[in-house]
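Me: I am new to this structure, and I would like to understand the words used to describe it. Could you take my questions one at a time and set each value against its cut-off?

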Amino acid sequence: MNYKMMGRFTAQILFIEGIFLLPPLAISLFLAENAAIQGFLLTLAITAVLAAVLFLLCRDARNAFYATDGMVCVAFSWIVLSLIGALPFYFSGAIPKYIDAFFETVSGFTTTGASILTAVEPMAKGLLFWRSFTHWVGGMGVLVFLLAIAPAKGSEKGFTMHLLRAESPGPSVGKLVPKMRKTAGILYLMYIGLTVMDILLLLAGGMSLFEALCTAFGTAGTGGFGVKNDSIAGYSPYIQNVTTIFMLLFGVNFSCYYLLVMRQFKSVFKDEELRLYIAIVLVSIGLIVWNLWGFYPTAAETVRHAAFQVGSIITTTGYATTDFDLWPSFSKTILLCLMVVGACAGSTGGGIKVARVLLLFKSLKRNIAQMLHPRRVEQVRNNGAVVDERVIANTNAYLAAYVLIMFSSFIVISLDGFTTGTNFSAVLACLNNIGPGLEMVGPACNYAAFSGLSKLVLSLDMLLGRLEIFPLLVLISFQTWKNR
């Protein structure tokens, strides 16, 4: 294990987090929010000291970097980001308990959107901006950002791939272009471009610049922290429709956008994951509209709410235009299923991912065919290419770990004594980075009532979900440190 290389990398991450803290500090300075200013300045001081000490201690690190180092480094960096990112809320007094501030910040960086706040509107604007900005930072990944801006070194061969593989969502990571750093840059350019388009359309709908920025950050990162107590419900149908469209767009694999830019339209049209994603969205909207017919005054309102909630849940954004916990059981069941499926691999969304669902079904089909014809050689193909057996094995291992973590978390938080629906949907919502669940954690409620232990468990679930489980498991594995 290359400890010094990891320490130097963590110092770089802290430096970047310090830069990200400057815009919300500027907002608080402009609005003279004294408590928030104090919180940001203290956090910046701590961040600067930690970054400087780590960099000085690890400045002579050798550049050898392996897959295990990448996973450990990514997992540790996200924990450090959350620990530091929680300090402005705690130091300012906006969130008096540090465990609550940590939960809120983990929820932000992991783009979950689960909150312990009973009311967000009284919070200082600088803190609200930081709260939403963590979604945007965590959506594409702060390590991808680092790879996009950091100067390349020939001696760091393999460094970028190990980091990008550990942080990027999906069963496998591929290159858009031969150089991984250039891939990271292209990803962020597309991410910024779509975010700017969203902001402009929200401004055209009458939103203030502050609200448009915060809403777009939550939409782009598929996070869901709003600046209003009723989330998106109080905005116009135009704003809701724009948000629906962009939530679904950010749930698409970004490689599809790259192919569109390269004018490879046939490749996008033939993408099996994209087609399945669109089919799931359309079928879910249709079924919920059918089930809700007569629930709202007009057909247009029914379609709008159904489309918004389907887009919000499958992309794991977590915004809401209505309290879907009041919907019929059939509609809520569909939403629970969408929580598990999630968005496309290579998007900013969470969940198991449509690509894994597709691979699992194809693998099941292959296994059944082999039982019927034992001598026949069957291969799993995706978009015409043979899927590596290691990818299928990793997908099966991911599903096994996912189920084990889900039920273990469910058992632990059940100690709080809440209903089964509350506990199970809370675990699903956090592990899949969605935010709102059902009953006591529904879109009109929050996570404040859970105990400190449950909040830690749910915070761990959020990190596990965002990092695709394995990096965090490698970090806490005894075997990792035994074989250091």
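Me: What makes Glu-439 partly exposed rather than buried or exposed?

Reply: This is a predicted model, and in it Glu-439 has a relative accessible area of 37%. Buried means under 20% and exposed means over 50%, so Glu-439, at 37%, falls in between and is called partly exposed. Glu-439 is found in the loop that runs between α20 and α21, and its phi is positive, at about 60°, although the residue is not a glycine.

Me: Why is Asn-433 counted as buried?

Reply: Asn-433 has a relative accessibility of 1%, and since the cut-off for buried is under 20%, the residue meets it and therefore counts as buried. Asn-433 is also found in the loop between α20 and α21, just after α20, and its phi is near 60°, a positive value in a residue other than glycine.

Me: What can be said in the same way about Asn-432, and which residues is Asn-432 in contact with?

Reply: Asn-432 lies in the loop between α20 and α21, and its relative accessibility is 0%, which is under the 20% limit, so Asn-432 counts as buried. Leaving aside neighbours within four places in sequence, Asn-432 is in contact with Thr-316, Met-339, Val-340, Gly-350, Gly-351, Ile-352 and Tyr-402. One of these, Gly-350, is 82 residues from Asn-432 along the chain, yet the C-alpha atoms of the two are separated by 5.4 Å.

Me: How do you know that α20 is mostly covered?

Reply: Helix α20 covers residues 420-431 and has 12 residues, of which 9 are buried. The buried residues are Thr-422, Asn-423, Ser-425, Ala-426, Val-427, Leu-428, Ala-429, Cys-430 and Leu-431, and they pack against α17 (329-341), α19 (389-413) and α21 (452-466). From its first C-alpha to its last, α20 reaches 16 Å, close to the 16 Å expected at 1.5 Å a residue.

Me: Why is α7 described as largely enclosed by the rest of the structure?

Reply: Of the 16 residues of α7, 15 are buried, and therefore the helix is largely enclosed by the rest of the structure. Helix α7 spans residues 125-140 and reaches 24 Å from its first C-alpha to its last, close to the 22 Å expected at 1.5 Å a residue.

Me: How do you know that Ser-82 is buried, and which residues is Ser-82 in contact with?

Reply: Ser-82 has a relative accessible area of 0%, and because buried means under 20%, Ser-82 is buried. Ser-82 lies in helix α4 (residues 67-85), and apart from neighbours within four places in sequence, the residue is in contact with Phe-102, Thr-105, Val-106, Phe-109 and Leu-463.

Me: How many helices and strands does the chain have, and what share of its residues is buried?

Reply: The chain has 23 helices and 2 strands, and buried residues make up 57% of its 484 residues. Among contacts between residues at least 6 apart in sequence, 72% join residues at least 24 apart.

Conventions:
Residues are numbered from 1 along each chain as its sequence is written. This is a predicted model: local features need pLDDT of at least 70, side-chain atom pairs count only at pLDDT 80 or more; totals for chains, interfaces and linings use all residues. Side-chain values use heavy atoms; hydrogens and water are left out. Helices (H or I, at least four residues) and strands (E, at least two) are DSSP runs, numbered from the N terminus. Buried means under 20% relative accessible area, exposed over 50%, partly exposed in between (1.4 Å probe, protein chains only). Contact means heavy atoms within 4.5 Å. The expected span of a helix is 1.5 Å times one less than its number of residues.
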